[in-house]
Structures are given as structure tokens and as C-alpha cells.
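Subject: Structure handover

Hello,

Please find the structure below, with notes on what turned up in it.

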Amino acid sequence: MKQQYPVIGLEIHVELKTDSKMFCQCSADYFGKKPNTHVCPVCLGMPGALPVPNRQAIEWAILIGKALGCTINKISKFDRKHYFYPDLPKGYQISQYDEPFCVNGAVAIKEKTFRIHRVHLEEDTGKLIHGENKTLVDFNRSSVPLVEIVTEPDFHNSDDVRAFLEELQVIIRYLNVSDADMEKGSMRLEPNISLILNHDGSPDPELPKYKVEVKNINSFRYVKDAIEYELKRQAEILETGELPPQETRGYNETKGITYSQRSKEDAHDYRYFPEPDIPPIVFTEKQLEQIFESLPELPGEKIIRYKTQYKLRPQDAFIITRNRTTADYFEHVVHEFEKHRPVSNHEVEDIPQKVANYIINKKIPVDVSAEEFVRQALELMAPKQTDTKLLDEMIAKVVGANPKAVEDYNKGKQNSIMFLMGQVMKEMKGKADAQTVKNELIKILSK
């Protein structure tokens, strides 16, 4: 049976949080600053101004590529990418074309692998500010270091796209090279979308002869919505026998639609050539190894370790590792517990899972010290003192009010005991030890 087959690739732009810009000494901390106050002849494209590459930005771009499983090229260069737009002061952008820093990576998510085509470094553009009757240009953002991550067209639904982008944001934040804050524009999402209308089920179909790029989306939800809208729009065009035009479109989140911006350029339209003012960059093996030394344990690796070392439930390991600070705090608390071992060995084995539960369910605030967390956790773990006389009364009340559950239990339906336990705990207002309640219930029901 023939069906629709989406073909989606991604371009993700990530602004690096270096102190200075990519090719000059201007401050890269431009967000919220007065327009055109963080500029100089270099980032304004003045004649005769020469660019000097930011070493930190280059090392961080390589670090991102390494974290995404890429091969790091020992020889790389910058290129000029020519196009005319008001926010591009030089009339070209210093980017990378045929010799980027990183190529051929892969990221595994939910038992699927998505290939990374390349990771390269370029300079950001200025920003257009649209008014009622005029458009102004703020060049504070011009030449801020920008890493572009380009995937292969391995995505076939919007859910996988969102899962990949969420994981990518976590990885970038683990590396501590960018805030990856989409509201501030430091992580911008651009899906390239096309559709095979009558797919015959072949595993590697021929790619469509067009693609539509939706530019500068700033939320995971919006990128998912934009893809869903585009697939519907393109299907309607394909069903008429026409081919959707290859173009760049924007996304209107208020209306939930995409809109045409301009026809999409091919690589030759940009007239790439090597940047003459910056020589090729050559790395030794030792230099690359020194860069790799700052690579932290990544979230995927932490999940595997937490499941094996700490015996955490997979979903809890996933939640704890979404934030590096939270993961580090979790490990610090577990280590602190070694100084406060409970009496029972069984309880010692359960400690990491209990700590994870308290963090995830916000039973204990994570802004307290590890020592204070342990103190509060030990209080929560301490067996509750149960008023046995009151418990007997509540059990009798619950048993009398739920004859069907009692009958089911006596017929061998063990789940009924959990229902009855819940009712008793409710009557006791939580002031009873759960195991004590269960033992007493079983004792009474067995008579």
C-alpha cells in the first residue's frame, strides 16, 4: 500500500557564548544592549578591516562536533559566502564550505540513529528591527560566533525531529559552550522538508527533486507544528500533479502557518571561495587531544551508567540527566549518603532511586546543600509511627465499606489488596507505615 513518506533534514544554528566576537574583539554579549554599541570596523565590514579568528570559538565548534560523533578534520579553512541582505554589512558572510571542522557524525535517540552531515563555524549576521513604516538594522549581533549543525535527511516524522532537537540542546548545554536559549535566539531551528506522496515502502527511496526550508524557528513545539503544516501543504500541491517550489519560508506561530519568503538558493548561487584574509587552519593530533580533554560525560553516557551503577529506572535516569547541574547534584547527594548508611543493606541499595524520586517529585528542594538533603531524606525514610488502635479501626471501616474488594482478594485477585491499602492510608491521612498497613490488612483478610 502506497503512503506519504516525509523526508526531513535539519539545520541548527547555535550561538557560542565566547567573550568576544568571531573575528574581532567586540563583546559578544549583545542581547538586550543598546543597538549598534557593540561594533567596530571589522564587524561593520569597513574597507581594510581584517578578521582575526577567535580560537575559543574554533575549539568549542570542534568540541560540539566530537560530542556528536563527528570526524574532526585536521585541515580546515574559512570561505566567503556571498549574498545581499541588509543585515550583512560586508555583502558576504565568513563561513565554511568544502572543508568544515567536523563531518560525518551520528546521534542515537530512542533506538534510532540520525546522521550528522557536518558541523561548521561561521559569523552571525546583524538583526533587522521592523517598525510601522521603516526597518532598522542593529549590528550588535554581527560576527558573533555561530555553529551550524547540518543533519542528513534521516527524519520521517515531526516527533523524531523534536526528540533529536531536545537531546541536542541538552548536549550543547552539557558542553557549556552556549546557553542554547531559543527565546534569546542563541539556538535557531531550520527544518528542510519535502515529501514523497506515493511511497512504495522501499527502504532508501530516491529523494524528492525539491525541498522547502523553514527559517529561524525558536521553539520545539513550533518546529513540530511547522513541519506538520508543511507536509499537509505540500501533499495538497503534489496531489494536483505539481511540484512544490523550492523556497525558503517563515513560520507564523500566531496563525500556525508557513509563508513564502524567497526562492531557495543552491550552493553555487553563493559564489563560495576561500577567505583570502584567513589562512587554512591546521591541527596536530596533540592539539586535538588537548581540546577533547574538556569533553564531559555526555547525557546518553550518564543514562547508561545511572541504570547500571545506581540501578535507576530508565525514565528516572533520563529525567535526572536532562540538566548537568541536577545530575551532578544527584551524584553528590548519593555520595554524601555513604556517610549516613541506614541500618538495612536493602535500604542502602535503594538510596539512589529514593534520592532520584525526591528530586523528581520535588519532595526536597535541590537548592539546599547535599548534607541538608540527606538530613531531610533520612527523615522521610524513617518508618512512620503507627497508631495501632486507630489503624485497626480504619481497617475495619474500609473492609466493611468495600465487600467487593474483599471478595476479590479472597478469590485470589492480589491487586485488591493495593486498593484496600490505599483506602486505609487515606483514612489514616498518611500517618501510617505502608508495610504495617499491608501486614495488618492481610492478617485480617486471612481470618
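Strands here are DSSP runs of E with at least two residues, numbered from the N terminus. The model is a predicted one.

Loops

With strands set out that way, arginine 271 falls in the loop between strand S14 (257–263) and strand S15 (273–274). Its phi is positive, about 50 degrees, although arginine 271 is not a glycine. Most residues other than glycine have a negative phi. Arginine 271 has a relative accessibility of 54%, and because exposed means over 50%, arginine 271 counts as exposed.

Glutamate 111 is another non-glycine residue with a positive phi, of about 65 degrees. It sits in the loop between S6 and strand S7 (112–123), and glutamate 111 is exposed, with a relative accessible area of 85%.

The loop between helix H8 (345–360) and helix H9 (370–381) holds aspartate 367. Aspartate 367 is exposed, at 69% relative accessible area.

Cores

The largest nonpolar core has 73 residues. Ile12, Ile64, Leu68, Phe78, Leu121, Ile149 and Phe164 have the most contacts inside it. Leaving aside neighbours within four places in sequence, isoleucine 64 is in contact with Leu16, Val119, Val147, Ile149, Ile172, Leu175 and Val177. Another core, of 26 residues, lies apart from the largest one and has Ala327, Tyr358, Ile359 and Met381 among its members. As background, nonpolar side chains tend to be buried together in soluble globular proteins.

Helix H11

Which residues of helix H11 (residues 403–410) are buried? They are Ala405, Val406, Asp408 and Tyr409. These four are on the same side of H11, because they cover an arc of only 160 degrees around the axis. Pro403, Lys404 and Asn410 are exposed on the other side of H11. The cover over the buried residues of H11 includes helix H10 (388–401), helix H12 (415–427) and helix H13 (434–445). After H11 comes glycine 412, with a positive phi near 100 degrees.

Pocket and cavity

The second largest pocket holds about 740 Å³ of space. It is lined by 29 residues, and Glu167, Gly300, Ile303, Phe318 and Arg322 are the closest to its centre. Two or more lining residues come from each of strand S6 (102–109), helix H2 (158–175), helix H5 (299–309), helix H6 (314–320) and helix H7 (324–337). H2 gives the largest share of this lining, eight residues. By class, the lining of the second largest pocket has 15 nonpolar, five polar and nine charged residues.

How many cavities of 30 Å³ or more does the structure hold? There is one. The largest cavity has about 30 Å³ of space. Its lining is made up of Asp87, Leu88, Pro89, Lys90, Gln93, Glu123, Asp124, Thr125 and Ser142. Of the residues lining the largest cavity, two are nonpolar, three polar and four charged.

Regards

Methods: Residues numbered from 1 in each chain as written. Predicted model: local features only at pLDDT ≥ 70, side-chain atom pairs only at ≥ 80, totals over all residues. Heavy atoms only, no water. 1 Å grid on protein atoms, 1.4 Å probe; cavity = no way out; pocket = protein on both sides within 12 Å on 5 of 7 lines; lining within 4 Å. Points joined across faces, edges and corners; volume = space filled by probe spheres on them. Nonpolar A, V, L, I, M, F, W, Y, C, P; charged D, E, K, R; others polar. Buried < 20%, exposed > 50% of the residue type's maximum accessible area, 1.4 Å probe, protein only. Arc of directions from axis to C-beta. Contact = heavy atoms within 4.5 Å. Core = buried A, V, L, I, M, F, W, Y, C linked by side-chain atoms within 4.5 Å.
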